[in-house]
Amino acid sequence: MAALKPLLDAECGTTNPLIKLSQFYTRDNTLVTQDGLIKPATNNFTNANLTGGSNATIDELVNEYHRPIAAPNTFHLEGLLTGLRLADDTIDNTNKHEYEWTTQFLDSLTNDFSSFSTNTKTNNNFSSSMIHPLSNQQIQTSQNIINDFNIQQQQSQWMPWNEQTYIPSTSTFPLNSNSTFLDQQSSTVDTGFDNDTVKAAQNIFALLQETQFAADSEFKDFVENVAGGIGEQSTVDAKKQEATGETKDVTVDKWINEFSNDLSNESEWQHDWAADAANLSSLDDQIPRSQSWLRHLMDNDDSYSEYKFSKTNVFLDHSNPFEEGLKRLQAHDIVNAVLLFEAAVQKQPNHVEAWLYLGITQSENEQDGPAICALKKCVELDPKNLQAYITLASCYANEMLTNEALDSLRKWLANNDKYSHLLSNRRSQTTTNEPRLIDELVFEELQELFLQAVSLSTNPNDIDSDLQVCLGVLFHLPGDYDKAAECFNTAVLAKPDDALLWNKLGAALANGGQSEKAVDAYYHALTLSPGFVRARYNLGISCFNLSAYKQAVEHFLTALKQQSDGIGPQGTHVQMSENIWRTLAIAIGHLQRPDLEQSVGKKDLSKLLHEFKIE
Amino acid sequence: MTKEKSSTATTTTSSSGVELKARTAFNEINKRAKGQPDLVKKVGAVIVFDITKDGNVQQSWTIDGKKGTIYEGKPLEGTTAQVTITVDDNDFVDLSSGKANAPALFAKGKLKVKGNVMLAQKLSTLFKDQAKL
């Protein structure tokens with residue numbers, strides 16, 4: 001692996017074609033302004049590109065990846081990359097993760113490359129990633145080279161996970177066509193860079209011969225092909241042209257579906273990928289699997305189809321439960337608010353707002369199941385209800401139902417007058433009605449769209465906190481908690497009095513391991529809304545993670561008490577969260593009090609409250 | 001298909017006879033899963049852990065997210081693993097206790113993944129309680 005070092009070192013003065021290669025990488029072509037111009041790509045994915053400085057945190061986010069900005073003097077990837085892309089003479093549909101790759105690449109280039117050579121783990125990643133080029137990339141081969149080196153990068157947590165999940169486009173399929181990009185790209189390219197790509201590939205190939213990677217034939221083939229000239233690529237293109245047939249997008253979509261199902265069903269991923277479009281025909285066999293995916297999706301739906309109301313609800317006879325519910329919500333009496341909203345919808349099953357608030361409040365009450373039911377009813381009645389979609393996305397994310405979460409986010413975007421045009425630009429050919437079966441591809445696409453949406457805002461003070469929340473939830477799905485926290489932080493800056501936002505921030509921080517900061521965020525939330533059961537539950541979890549078991553137990557018990565207090569005078573009660581009981585049980589387990597474990601098993605709340613002196 | 005079929009889920013003897021901390025960790029996970037029947041199903045996929053010690057795979061555990069079971073050994077007949085994760089015993093303990101997270105281990109090269117990585121992401125719910133958005 002040391003052999004590859006010369007190729008990667010950032011030496012001034014050397015004409016390292018790979019460096020040129022990296023230039024293109026930094027150009028993030030997803031940054032299209034409102035008038036369709038690609039923002040002048042500065043060296044890196046900087047603030048200027050993002051928005052008129054929409055938010056400091058996105059800047060931070062970006063800067064995080066651009067710390068070693070000094071180094072890139074010799075790295076001007078953008079030029080080469082653009083050239084490569086355009087050299088293919090087809091539409092390049094940039095991917096969102098392209099910018100991450102660039103940033104990762106820049107980072108990696110400035111890192112200690114000896115690690116690259118000695119890192120044995122990279123063996124596997126190297127070969128697999130070779131076979132898994134980024135989707136949407138026209139320049140398959142050269143991108144692969146870049147991708148691989150990106151993998152070596154140690155710092156990114158998110159990337160390696162996602163990179164392996166990207167649906168490889170084995171041939172250069174234009175999965176989405178974006179006319180704006182096309183217009184821009186055709187004007188700025190100098191196709192002379194082709195040769196550099198080839199030379200780069202040749203270099204790499206030569207180096208590879210000397211290394212252990214010689215064993216990986218597929219990668220070698222790739223490089224050989226590129227080294228042999230663009231000829232191979234045009235063959236690929238030709239095949240692609242044939243393959244896509246009449247309606248490019250229909251076949252593309254089918255292909256996407258098949259591939260994604262393939263992904264989720266195969267254990268040995270590497271065997272599935274051969275870098276030529278010839279595989280396409282075999283993929284037709286995969287279609288049946290997409291049906292089972294659909295069925296799986298439907299099954300999930302069923303569990304949330306009917307809302308289960310509380311057995312006894314003292315507010316059923318209330319004259320105006322909805323209004324009263326809103327008042328209670330204002331007073332942070334979440335539990336009673338739930339009961340009131342339930343009464344409201346039972347009185348008036350078509351009351352959109354009542355269903356909406358029922359959903360939101362149940363979610364605050366740490367009851368995502370009923371929340372999802374209620375919100376689904378809400379969007380049934382009002383398919384354009386943005387708040388419902390955003391809350392649904394969070395709930396689905398909590399329940400680890402990634403596809404559904406992505407679907408909700410997409411619907412939010414589609415129904416949002418401010419941003420729906422982005423969607424139509426992007427997906428004008430494909431039908432948006434079919435259920436989304438894939439998660440990886442949709443995820444990347446959504447990410448791109450949301451970031452575009454963010455870049456639409458030109459005023460630094462004009463932060464669309466809902467948009468930030470969507471972005472945060474989106475990042476949270478694959479476990480990119482740091483980025484999610486950044487987004488929620490931005491949202492909170494815009495709306496510092498929104499307890500829900502503080503809770504989301506706390507959750508993202510906590511899941512990312514930053515328990516102390518999470519605790520701080522939760523306290524903000526609880527100060528604003530003392531009856532916020534979910535925030536208290538989360539606080540308990542963070543205490544648990546910090547090994548403060550007794551405190552954790554106390555928080556859980558307080559939360560349970562609040563839930564059980566949601567009682568009418570007769571003692572009827574809102575169902576308490578199973579989640580909280582469960583986590584309480586585990587926390588008590590750590591306290592070495594077998595006597596208490598019994599109480600937990602019996603759900604003897606009063607005894608436990610007494611034991612821990614919580615009144 | 002599985003050559004080293006170890007004992008069934010309930011026993012704790014390992015076919016290789018090596019003491020693995022992972023075993024205790026899996027017991028904890030099982031305990032957590034017992035309290036929440038849908039927890040394992042939420043993972044949704046069949047994930048196999050190959051626990052190594054001193055560089056060699058000592059034992060495997062299968063998390064069958066489709067059936068909702070966790071057991072020691074390779075997947076049973078008729079079940080194919082969609083993700084296979086190879087990790088050292090000590091690192092697995094860190095992972096399952098929440099001290100380390102998978103992407104970090106992956107980046108350090110301590111965790112190898114074969115298969116659909118995004119499915120593996122859902123494992124975090126088994127190891128520790130997630131904070132809710």
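In the predicted model, D50(B) has T86(B) as its bridge partner in strand 4 of chain B. Strand 4 comprises residues 83–88 of chain B and is paired with strand 1 of chain B in the parallel sense, over 6 bridges.

Strand 1 of chain B, residues 46–53, is also joined to strand 2 of chain B, residues 56–64; these two strands run antiparallel and are connected by 8 bridges. Within this pairing, V57(B) of strand 2 stands opposite T52(B). Strands 1 and 2 of chain B form a hairpin in which 2 residues lie between the strands. The turn contains D54(B), for which a positive phi of about 55° was computed. Strand 1 of chain B is mostly covered, with 7 of its 8 residues buried.

The largest nonpolar core consists of 106 residues. Within this core, the residues with the most contacts are W412(A), F450(A), L474(A), L557(A) and L584(A). Helix 26 of chain A, spanning residues 440–456, gives the most to this core, contributing 9 residues. When residues up to four places away in sequence are not counted, L474(A) touches L406(A), L409(A), F443(A), L446(A), Q447(A) and F450(A).

Another core, of 32 residues, lies apart from the largest one. Among its residues are I51(B), I63(B), L105(B) and L111(B). In soluble globular proteins, nonpolar side chains tend to be buried together.

Technical notes
Residues are numbered from 1 along each chain as its sequence is written. Chains are lettered from A and ligands numbered from 1 in the order in which they are written. This is a predicted model: local features need pLDDT of at least 70, side-chain atom pairs count only at pLDDT 80 or more; totals for chains, interfaces and linings use all residues. Side-chain values use heavy atoms; hydrogens and water are left out. Buried means under 20% relative accessible area, exposed over 50%, partly exposed in between (1.4 Å probe, protein chains only). Helices (H or I, at least four residues) and strands (E, at least two) are DSSP runs, numbered from the N terminus. Two strands pair if DSSP finds at least two bridges between them. A nonpolar core is a set of buried Ala, Val, Leu, Ile, Met, Phe, Trp, Tyr and Cys residues joined through side-chain atoms within 4.5 Å. Contact means heavy atoms within 4.5 Å.
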